[in-house]
Each structure stands twice: as C-alpha cells, then as structure tokens.
Amino acid sequence: MDERFYREQEIARWPAFLPAATYNLAHTLLARAGKCLFVPIRSLQYMAVLDAEEFIFVDSQNKAWVELAWQHFHPQARASLDERVPFEVVHYLPQAAETMKRLPGEFHQALLLLAERQKPDAPATVIALQPGDRKPHDDTPI
C-alpha cells in the first residue's frame, strides 16, 4: 500500500526535547515494524507516521496534509539512554501550535497502547547453555 502526504510551506521551526521514554519506545516499535510505523492518536483524531528520518502528524480531517513534523533527532547528544533527545518541531499549518500543546503526551500514550497490543502471547523462556553443549564445526557426529 502506498500512502502519500503533502506539505504546505514551512511556517515555523524551533528546537525541542522529546522525553527518553517516548523516543526509545517509538524507535523500538519502528524497528519491529520495519521502514515505517503508523500510530493512531485517537484522543486527538491524528495519525503519526514514523520513519527513520522524522515523525509526521496528520489530522483525520486533512489526511493527506502534514500539519507538523518532528525532525533532526540527535540521540547521540545524550550521555545516557534515559536523557531527553533534542529535535526540531516544524509547523506546516497554522493550527500546529495549538496541536503541539497536547501532542507529546497523547503521542506517548498512543505508543504505549500500540506496544501493549504487540506483546507476545506466550511467555519467554531462557535456555541455559553449558560449555559442553556446542557441536563441533566439522561434520563429525557427536
């Protein structure tokens, strides 16, 4: 399926920080999904579309038009995985400033819901390997 999104001229850009929990969870879910991840933010009636370069946000009323984007993440700027991540917020539509007031918190909640739905049904088990359990590298039977 091919989705296309369009942007108006950029009207504002400024630096911001994303909490580590949100950034880490978003990238964990993105890694599981592959190239792109769609995150419905039902409380705002928005859809987040994540890829390796940016997170875009579209309103359910204007599905093809990007209202705002989060770009230029710099996770390497943090000293530990629990520090916030600097990035840039880009506005393409006038209502983006109002949307941004609730978006970070609602986006995080949507990520948590998505992660909960993707939990495996079966419990994981740990297999203890003993040093003598390894097979020889040649074709000699054990």
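Modeller: Three strands, β2 (37–41), β3 (46–50) and β4 (54–59), each supply at least two residues of the lining of the largest pocket; strands are DSSP runs of E with at least two residues, numbered from the N terminus. The model is predicted, so local features need pLDDT of at least 70 and side-chain atom pairs pLDDT 80 or more, while totals for chains, interfaces and linings use all residues. Residues are numbered from 1 along each chain as its sequence is written, and side-chain values use heavy atoms, without hydrogens or water.

β2 gives the largest share of that lining, three residues. In total 13 residues line the pocket, and Y46, M47, V58, S60 and K63 lie nearest its centre (a pocket is an open set of points on a 1 Å grid where a 1.4 Å probe fits, with protein on both sides within 12 Å along at least five of seven lines; lining residues have an atom within 4 Å of a point). By type, the lining has seven nonpolar, two polar and four charged residues (Asp, Glu, Lys and Arg are charged; Ala, Val, Leu, Ile, Met, Phe, Trp, Tyr, Cys and Pro nonpolar; the others polar). The volume is about 190 Å³, taken as the space filled by probe spheres set on the points.

Now the rings. Phe, Tyr and Trp rings (for Trp the six-membered one) pair if their centres lie within 6.5 Å; planes under 30 degrees apart are stacked, over 60 edge-to-face, the rest tilted. By this rule there are ten aromatic pairs. Y6 and W65 form a tilted pair, because their ring centres are 5.6 Å apart and their planes at 45°. Y6 belongs to the segment before β1 (12–18) and W65 to the loop between β4 and β5 (66–71), so that distant parts of the chain, 59 residues apart, are linked. Y6 is partly exposed at 42% relative accessible area, and W65 is also partly exposed, at 36% (buried is under 20%, exposed over 50%, partly exposed in between, with a 1.4 Å probe and protein chains only).

W70 and F87 are tilted too, with centres 5.2 Å apart and planes at 50°. Since W70 lies in strand β5 and F87 in strand β6 (residues 85–91), this pair ties together parts 17 residues apart in sequence. W70 is buried at 0%, and F87 is buried at 4%.

One ring has a charge over it: the charged end of R84 sits over F17, 3.6 Å from the ring centre (NZ of Lys or CZ of Arg must be within 6 Å of the centre and within 35 degrees of the ring normal).

Terms used
Helices (H or I, at least four residues) and strands (E, at least two) are DSSP runs, numbered from the N terminus.
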